[in-house]
Amino acid sequence: MLRIAFLVLLFAGCQPEPASSPTPTQPASSALPTVTAETGAAAWYDEGFASLRGQRVGLITNHTGRVDTLHLADALHAAEGVTLAALFGPEHGLRGDADAGEKVDDGIDDATGAPIYSLYGRTRKPTPTMLTNVDVLVFDIQDVGARFYTYISTMGYAMQAAAEAGLPFVVLDRPNPLGGDLVEGWTLEPEHTSFVGAYPIPVVHGLTVGELAQMIKGEGWLDGLDNLDLTVVPMQGWTRAMRWPDTGLPWMPTSPNIPDFETAQVYAGTCFFEGTTASEGRGTETPFLLVGAPDAPHDAITAALNTAGLAGLTFTSEAFTPRSIPGMSANPKLKDRSLNGVRLAVTDATALQPVAAGVHVLHAFYQAQPDDFLKADWLAKLAGTTQFRMLLLDKATPDAIVASWADDVGRFQALREPYLLYD
């Protein structure tokens, strides 16, 4: 999959962040020796972008596309012999400050003068007109390792656009914050394909974006990629057992509602609450770490969850009221209503299984909610299957629900093996 000649040549030679949330519990992985992982973008920067000289670059990125404190767009703009021809922004925009689901407009980047094309507005795929002055299309965005996080859908559509235009497509690899050895959840079924689920992979897939790009092409998950000129610029020093703190890299909020690593750890599980009438915590400073519903027996739910002994988590009861937070959540679900909630706190990043935890938490709330608690279509898109909802309706235990994806995980782990770039 990798273009070896390209890699030999390669290695020869903002907006304000959302309000900070409480300091997360220190994960157990921080006790390990710190190992600094060098991203693909950093490798390119270190060699002065020599491989791109004489090229007109189209860069798909956002505020997470950084080398040290420098935005990759600014670094490319300043690089000798490189033309930054176009910028493409995903959901949340080029600077990462747009609300979830908020359409983003085209514009001009003040710092570089390059045109900015939104891939979350009139189109989600670069058009031929947008690519007229581009010689190579580069993707550099930090993902969070959950299937329904839309940056990986944007990557796939951009791969298709590059193939249609006959352009090389380069992925600058970055760590999967959840590590590369954790795989959880059901594999997406074809009938539930959407922008929050573009590929037949489990909810937590354990792949880097570079590995996923190779798999998308190799498995033919999107049309027209057979002849795509795909290059992955790999990281150095990253291993599959690493969680984010082990990389030595600073955390950059990947979107307004994922402000810190602790939130990223639980997101793959508590995001299921978006498929219910309950709150996933948007409209607070700690979304996804705090979930709740009107009149929920949160003290009893909290006690039951702590008794369940879920690895890497503790739970506390907390009442809260979702409010409009500009730049983070302008119109959250159940806005201005008093809710009975449960707060999650991560105590061990290496032990945490976020999808299993999300099943346990949602199941506990479901037991005490009205009949219309589940939003069937949206929950199926997030889970990738109707199995979750049907098992809840059939009064299956949380452990039985978690066990239902074991075969999916086993098949996927075997399927992904040829595409893995790191030990």
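Figure 1. Ala 383 is buried, with a relative accessible area of 0%; buried stands for under 20% relative accessible area, exposed for over 50% and partly exposed for what lies in between, with a 1.4 Å probe and protein chains only. This residue is found in helix H9 (residues 376-383). Helices (H or I, at least four residues) and strands (E, at least two) are DSSP runs, numbered from the N terminus. Leaving out residues up to four places away in sequence, Ala 383 touches Arg 147, Trp 186, Val 203, Phe 272 and Phe 388, where contact means heavy atoms within 4.5 Å. Ala 383 and Phe 272 are 111 residues apart in sequence, and their C-alpha atoms are 7.4 Å apart in space. Residues are numbered from 1 along each chain as its sequence is written, and side-chain values use heavy atoms, with hydrogens and water left out. The model is predicted: local features need pLDDT of at least 70, side-chain atom pairs count only at pLDDT 80 or more, and totals for chains, interfaces and linings use all residues.

**Figure 2. The nonpolar cores.** A nonpolar core is a set of buried Ala, Val, Leu, Ile, Met, Phe, Trp, Tyr and Cys residues joined through side-chain atoms within 4.5 Å. The largest one has 97 residues, and Met 155, Phe 169, Phe 272, Phe 365 and Phe 388 have the most contacts inside it. Helix H8 (residues 354-366) supplies the largest share of this core, 9 residues. Another core, of 24 residues, lies apart from it and has Leu 72, Ala 75, Val 138 and Val 170 among its members. In soluble globular proteins, nonpolar side chains tend to be buried together. Beyond its neighbours within four places in sequence, Phe 365 is in contact with residues including Phe 273, Val 291, Ile 301, Val 342 and Phe 373.

**Figure 3. The sheet of 7 strands.** The strands form an open sheet in the order E5-E6-E4-E1-E7-E8-E9, with mixed pairing; two strands pair if DSSP finds at least two bridges between them. Strand E5 (107-108) and strand E9 (230-233) are at the edges with a single partner strand each, so one side of each has no neighbour in the sheet. E5 runs antiparallel to strand E6 (residues 115-118), joined to it by 2 bridges, and Gly 107 stands opposite Ile 116 in E6. Helix H4 (residues 151-165) packs on the sheet and touches strand E1 (56-61), strand E7 (136-140) and strand E8 (169-172); the direction of H4 makes about 155 degrees with that of E8. Axes are lines fitted to C-alpha atoms, for helices over the stretch in contact, and angles run from 0 to 180 degrees between N-to-C directions. Helix H5 (residues 209-218) lies across E7, E8 and E9, at about 160 degrees to E9.

**Figure 4. Strand E8 and its partner E7.** E7 and E8 pair in the parallel sense over 3 bridges. The bridge partner of Phe 139 is Val 171 in E8. Both faces of E8 are covered, with Phe 169 and Val 171 buried on one side and Val 170 and Leu 172 buried on the other.

**Figure 5. Aromatic pairs.** Rings of Phe, Tyr and Trp (its six-membered ring) pair if their centres lie within 6.5 Å; planes under 30 degrees apart count as stacked, over 60 as edge-to-face and the rest as tilted. The count comes to 19 aromatic pairs. Phe 88 and Tyr 117 form a tilted pair, 5.5 Å centre to centre with 35 degrees between the planes. Phe 88 is in strand E4 (residues 83-89) and Tyr 117 in strand E6, 29 residues apart. Phe 88 is buried at 0% relative accessibility, whereas Tyr 117 is partly exposed at 21%. The rings of Tyr 199 and Trp 221 are stacked, because their centres are 6.4 Å apart and their planes at 25 degrees.

**Figure 6. The sheet of 3 strands.** This open sheet has the order E10-E12-E11 and antiparallel pairing. Strand E10 (290-293) and strand E11 (313-320) are the edge strands, each pairing on one side only. E11 and strand E12 (residues 339-346) are joined by 8 bridges, and Leu 313 has Val 346 in E12 as its bridge partner. Helix H6 (residues 261-270) packs on the sheet and touches E10, E11 and E12, at about 125 degrees to E12. H8 also touches E10, E11 and E12, and its direction makes about 20 degrees with that of E10.
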